[in-house]
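Please read it alongside the sequence and the coordinates.

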Amino acid sequence: MGTRPRLAVELRFEGVVAARADDAAALLTSVSRAEVAEGAVMPGLKPGNIVDRGAVAAAVRRALEGVAARASERYVTVVVPDAAVRVLLLDFDQLPSKPVEALPVVRFRLKKLLPFDVEEAVVSYQVMSSAKAGVHVLAVAIPKAVLDEYEGVVTQAGYLPGAVLPSTLAALASLEEAEAPVLVVNAGPASVTTAIVRGGVLLLHRSVDMNADIDGNAPTAAVTALPLEDRERSAEVWARQRLVDQEIDRFDAEAAIQTSVVERAELHELAASAASREIAQAVSVAAAYFEDTLQAAPEVLFSAGTLGAERLSTTLRDSGIEGLRVREVVEAGVLQAGATTSSVPRGWLAGVRGALKN
């Protein structure tokens, strides 16, 4: 049995998903998803990721209660959005073998590479490869205040964070380790991450945050002015005018609501269109890097995000990107019969499944 908890939960802009596995082979015996209102989770590198703490904690509780086998099962691996962390690949001429000595060296290197204070961040690292030519290191950093927000809602939900992983790194663990290089895309409405891994070694990790303000500003209702009558001289006229005012106000309010709904729909459509372009561009850049680095074009692309393989394939085809077969990272065979429903598509499960596979 692995060392990580047998429960995992992922928090995303789109919602919360949880899964359970009995052992490190990570056959998913139970999965659950809970909705959150749009804007309740706004991933980023600054505090304020959990906008509606009460609602998100309630969603985490619902999702985990749907998969926990026992009431005493409390430790959870927490999968956080890629937009809330920085993942970097670093090369060193040499690195101390003891973690207590190596970590300060990694932190020092990160000082000029991070957009936040490394002294206020939680940093971890993993040696990907080591040779005479140098040491290849994967480093992950997250502002402590941001990490506290994600761990805080899990604690508020009645569970205890046992480990924390970024979404795409967790999803990569779902893949069977192979020497052949693999291109993975973790795409949703708010972000897209592309990654290339070969033989368990990460070659590329690139994230694009698409979290645009899709709400816009509510239109201001026009104010209709009527000539006022003398209130003392004509109470009846004043009363009639108040009724006219109220009717016009009601009409203006209804018109404003209809306008707001139309404008919000248009903004959502524009945001979706922009997101599709960003996703296609990210895949194009990653595929070019794949071909330049490995001297072979990718033929298969693995989808790990909530966008799903089918929609990702359509997005790429509509953008003129041909020749890539798109598959889900999570194969149907890793789900125990009856473990899933149509409300939890496989695209949602890549992160939690990888978090359970250890």
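A salt bridge is a side-chain nitrogen of Lys or Arg within 4 Å of a carboxyl oxygen of Asp or Glu. The model discussed here is predicted, and the structure holds eight salt bridges. Its largest pocket has a volume of about 1,100 Å³.

**Salt bridges around Arg20**

- Arg20 pairs with Asp22 in a salt bridge whose closest N and O atoms are 2.3 Å apart.
- Arg20 also meets the side chain of Glu73 in a salt bridge, at 2.7 Å from N to O.
- Because Arg20 belongs to strand β2 (residues 15-21) and Glu73 to the loop between α1 (53-65) and β4 (75-80), this pair ties together parts that are 53 residues apart in sequence.
- Arg20 is buried at a relative accessible area of 7%, and Glu73 is buried at 10%, whereas Asp22 is partly exposed at 44%.

**Salt-bridge network**

- A network of salt bridges links Glu10, Arg12 and Glu14.
- Within this network, the side chains of Arg12 and Glu14 meet at 3.3 Å, N to O.
- Both Arg12 and Glu14 are buried.

**Largest pocket**

- The largest pocket is lined by 43 residues, and the closest to its centre are Gln126, Leu169, Ala170, Leu172 and Ala173.
- Elements that give two or more residues to this lining include β7 (134-143), β8 (160-166), α4 (167-172) and α7 (350-356).
- Strand β6 gives the most to the lining, with six residues.
- The lining residues divide into 28 nonpolar, seven polar and eight charged.

Key
Residues numbered from 1 in each chain as written. Predicted model: local features only at pLDDT ≥ 70, side-chain atom pairs only at ≥ 80, totals over all residues. Heavy atoms only, no water. 1 Å grid on protein atoms, 1.4 Å probe; cavity = no way out; pocket = protein on both sides within 12 Å on 5 of 7 lines; lining within 4 Å. Points joined across faces, edges and corners; volume = space filled by probe spheres on them. Helix = DSSP H or I, 4+ residues; strand = E, 2+ residues; numbered from the N terminus. Nonpolar A, V, L, I, M, F, W, Y, C, P; charged D, E, K, R; others polar. Buried < 20%, exposed > 50% of the residue type's maximum accessible area, 1.4 Å probe, protein only.
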